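This report describes how parts of one protein chain are arranged. Please consult the sequence and the structure shown below while reading.

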Amino acid sequence: PQLYPKLEMGSRPLTGKEAEDFLKAANLNGLGKVFYGGEQGFNLVVKGQDNKFVPNTEADVAREILAYLNREHGYGNKDSRLGKALENHFGGLGYGWDLEAIKLVLAVLFRAGSIEISAGGKRFESYQDPLSRQPFTSNPAFRQALFTPAQPLGLPQLTAAIMAYENLTGRSVDDVEKNAIATAFRKYADGELERLTGVEAKLGANRLPGLEEISQYRQTLVNMKNDSAENCVILLADTGENLKAEQERLSRLGHATSPQNLALLRRASDAEQMWPLLHASGDYMDLVPVASQLKTLREATTFYQALPQIETKAAEIESSYQKLYADRHARRFSIYDTALTELKVRPEWANLAPDLQESLLSPLVSRACQALELPQGAVVCRKCQATLNQLDSDLAAVEGLKSNALYQLQLKTGSGETVKVKKVRLRDYFQGQLDSEAAVKDALANLQEELLKLVAEHVNIMVE
């Protein structure tokens, strides 16, 4: 009792649906006991002069919350009138009230016309608007909503709205009057919506984060633009700082989607495609944190704040990939060029018709790409289109292709030593599970025995 002297005033059994039911009720004579007088009630609904039930703003809990709102509003405080601040204040020391009780009292004050609500960029004066009930049905929406005592616009609000407009545009308003302020803001909102549309299109086309955030900004601007002049001015005065933050976010997103920065972001996306190929090579483990950080930065809604870091990390991955690809590409050319030379210097080569020479060499020539064309962001050589896996496969296949070409050369010329070729399929020697060291050694021994036998018989071996 010493810590919570007003606990009993705002404590009653609640189901959590009372606030919504109260706002949706056609009349107030069939509600739960908590609304009326008595030990189980808050006395929030009483009979009026015409014998009809009406909201009672003189109930103790209603007067307590309304007095707090009037006091904070009189001091010019906004944050203390947000739902989350009301929850902390009336749920803390001195009160200890449940959130559902606080929402119920505010719903009564709202239906009585004693307070107004600002939520999601829209100001609500009437409880009959279905959208006005969202703060009472959703805790996150309630905590972000602003509750204001109902009163006519005064000079302080008009002045605050003009200052907010000046902060947004750098321009002033000629008259300290709600219609002049609302007209100026609507013109500004039209320009912002046009700018926003262009940024949205670029974000969507390039699959960049941030669409959800600026869509909320769009909805706020549309709601304020289409609202009454009075509501527009009140919202401008109350949410000017939030609008400035959204304006700056849109500007930074606009800069981030310039042609130069979009090229940077596409390069980062290309680097993310390169990373799995680098990682699969078994090397470059030092780039694991770099790849992870790049992914996190690029997918964050605040990616526009990290463009220099994104560029640095993408360049690091890209440089390593190009080095790996160039090395394997050069090795492949060297091996296949050697194989081609070995075929061309054989005595019987001159006896083969030119068209047959071209046909016989084709499998080797197609893989002997010498001039690497790997521009920034590319994952394959533009000339040969070989992936890293294909380069590895080609390196492993060179001996088999060379042996087959030599065999075909002997067949087509009919001269020189007859060359025997045999295909050895590795899977024939590694069947079943290799579940022990002995099993591995036996398989390798059998393979070695067969290969040595073929070599002794002067047979060219093609491994599959």
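Which strands does helix H4 lie across? Helix H4, residues 99-111, lies across S3, S4 and S5, and runs at about 110° to S3. The model discussed here is predicted.

**The sheet and its helices**

The strands form an open sheet of three, in the order S4-S3-S5, with antiparallel pairing. Strand S4 (122-124) and strand S5 (146-149) stand at the edges with a single partner strand each, so one side of each has no neighbour in the sheet. Neighbouring strands are turned by 25° against each other on average, direction ignored. Strands of a sheet pair through backbone hydrogen bonds, in either a parallel or an antiparallel manner. Here, S3 (residues 115-119) and S5 run antiparallel and are joined by four bridges. Ile117 has Phe147 in S5 as its bridge partner. Helix H2 (residues 60-74) also packs on the sheet, where it touches S3 and S5, and its direction makes about 90° with that of S5.

**A pair of helices**

The axes of helix H13 (residues 307-344) and helix H15 (residues 388-413) come within 10 Å and cross at roughly 5°. Angles under 35 degrees count as roughly parallel, which means that H13 is roughly parallel to H15. The residues of this contact divide into 15 nonpolar, one polar and seven charged. Among them are Tyr321, Leu324 and Arg328 in H13, and Leu388, Leu391 and Asp392 in H15.

Helix H10 provides the largest share, 12 residues.

In the second largest pocket, 14 residues form the lining, and His73, Gly76, Pro156, Gln157 and Ala160 are the closest to its centre. The elements that give two or more residues to the lining of the second largest pocket are H2, H7 and H10. Of these, H7 gives the most, with three residues.

Conventions:
Residues numbered from 1 in each chain as written. Predicted model: local features only at pLDDT ≥ 70, side-chain atom pairs only at ≥ 80, totals over all residues. Heavy atoms only, no water. Axes fitted to C-alpha atoms, helices over the stretch in contact; angles between N-to-C directions. Parallel < 35°, antiparallel > 145°, perpendicular 65-115°, else oblique. Contact = heavy atoms within 4.5 Å. Nonpolar A, V, L, I, M, F, W, Y, C, P; charged D, E, K, R; others polar. Pairing = 2+ DSSP bridges. 1 Å grid on protein atoms, 1.4 Å probe; cavity = no way out; pocket = protein on both sides within 12 Å on 5 of 7 lines; lining within 4 Å.
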